Every structure is written in C-alpha cells, then in structure tokens.
Amino acid sequence: MTYDERTVVHRDEVVEKDPAVPSYDHGTAVTSRTIETRPSGGAVAGRIVVFLFGIIQVLIVLRIVLLLLDAREGNDLVSFILNASQLFVAPFEGMLRTDALRSGGSIFDVAAVLALLGWSLVEALILAAVGVFRREPA
C-alpha cells in the first residue's frame, strides 16, 4: 500500500519590526508540516478488486494462448493453468453453438474469450459500485 506525503509551507508576516532592519525588508517566518494521507476504504477495495480480477484475466489469457499453441497437457504447469482457468470459463461454455474451433492440434477456445469479456464486464461493474465510496482529496 502506498502512502502519499506532502509538505505544506506556510509563511507568516512578522508583526514586530526590529528597528535595525530596514523598512524594505519584511521578515518572514517559514514553518513546514508534513501531512500523511492514506487511501480511503473505497480506494483500497478498488485495488483489491483489480488485483483479483487481474489474476482471473491472466489465467484465461494464458489458457487461450496455451490452447492455441497446442501445449502438452501432461506438463504440470500447463495442466495447472488449464484446470485453474476452467473454473472461470465453465459458466460461459455453451453460450454459443461452438465452444472451440479446431485446426490440427491447435484449439481456439471461444468460451474462454467470452469468459474474458464477461469477467472484465463484472470487474467494471464492481469497480463502478466501489467508486461510489471513494472520497476525493480536498
């Protein structure tokens, strides 16, 4: 989490004049203070939403790329990505007449593309709802 730090400089006119100081010199006193501001609860919630949906979107994009490249499903990493992303693609399977387009060993997963669009839309709606609770800096 990041914290913003800003310094406020305030200049005060000196009321009492020293007789030894010429009249054209208006002595000023400079004080500074540091104000620490923290993000609001809405901003933190927005960051969490973006992070979680970012993970979902990365998994789905990796699924699309791996299936297009005809990655070997026997590999543990490929298997993990395909299985983890299946959880998020499953609600979108069957929306269209075809879920995958095959060309040789390569597969274009249409359901995964729909899932990517669907989850991005859900993210935008949640961010809009969370945005209501954000406070603007004064």
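Two residues are said to be in contact when heavy atoms of theirs lie within 4.5 Å. In this predicted model, phenylalanine 88 is in contact with Ile56, Leu59, Ile60, Ala115 and Trp119, leaving aside its neighbours within four places in sequence. The report begins with the overall fold and then returns to the surroundings of that residue.

## Overall fold

The chain contains three helices and four strands, and their order along the sequence is β-β-α-α-β-β-α. Of its 138 residues, 23% count as buried. Among the contacts in the chain with a separation of 6 or more, 58% are made by residues 24 or more positions apart.

## Nonpolar cores

The largest nonpolar core has 14 residues, of which Ile56, Ile60, Phe88, Val89, Ala115 and Trp119 touch the most other members. Helices H1, H2 and H3 each supply at least two residues of this core. The largest share, six residues, comes from H1. Another core lies apart from it and consists of six residues, including Leu66, Val78, Ile81 and Ile107.

## Aromatic cluster

The structure holds three aromatic pairs.

Ring pairs join Phe53, Phe88, Phe92 and Trp119 into a cluster. The geometry of two of the pairs is set out below.

## Helix H2 and serine 85

The 14 residues of H2 should span 20 Å at 1.5 Å a residue, and the end C-alpha atoms are 20 Å apart, which agrees. At the start of H2, a side-chain oxygen of asparagine 75 comes to within 2.8 Å of the backbone nitrogen of leucine 77. Val78, Ile81, Leu82, Ala84, Ser85, Phe88 and Val89 are the buried residues of this helix, and they pack against H1, E4 and H3. An α-helix has 3.6 residues a turn, so residues three or four places apart point the same way.

Serine 85 lies in H2. Its relative accessibility is 0%, so serine 85 counts as buried. Two polar partners are found for its side chain. One is the side chain of arginine 63, with which serine 85 makes a polar contact at 3.2 Å. The other is the backbone oxygen of isoleucine 81, which lies 2.8 Å from a polar atom of the serine 85 side chain. Not counting residues up to four places away in sequence, serine 85 touches Leu59, Ile60 and Arg63.

Helix H3 has 22 residues and reaches 32 Å from its first C-alpha to its last, close to the 32 Å expected at 1.5 Å a residue. Its buried residues include Val110, Ala111, Ala112, Ala115, Gly118, Trp119, Glu123 and Val130. The elements covering the buried residues of H3 include H1, H2, E3 and strand E4 (106–109).

Strands E3 and E4 pair in the antiparallel sense over four bridges. Their hairpin has two residues between the strands, and within the hairpin glycine 104 takes a positive phi near 65°. Alanine 100 stands opposite aspartate 109 in E4. Aspartate 109 also takes part in the start of H3, where one of its side-chain oxygens reaches to within 3.4 Å of the backbone nitrogen of alanine 111.

Key: Residues numbered from 1 in each chain as written. Predicted model: local features only at pLDDT ≥ 70, side-chain atom pairs only at ≥ 80, totals over all residues. Heavy atoms only, no water. Phe/Tyr/Trp six-rings, centres within 6.5 Å; stacked < 30°, edge-to-face > 60°. Buried < 20%, exposed > 50% of the residue type's maximum accessible area, 1.4 Å probe, protein only. Polar contact = N/O pair within 3.5 Å; in protein donor to acceptor, adjacent residues only side chain to side chain. Expected span 1.5 Å × (residues − 1). Pairing = 2+ DSSP bridges. Core = buried A, V, L, I, M, F, W, Y, C linked by side-chain atoms within 4.5 Å.
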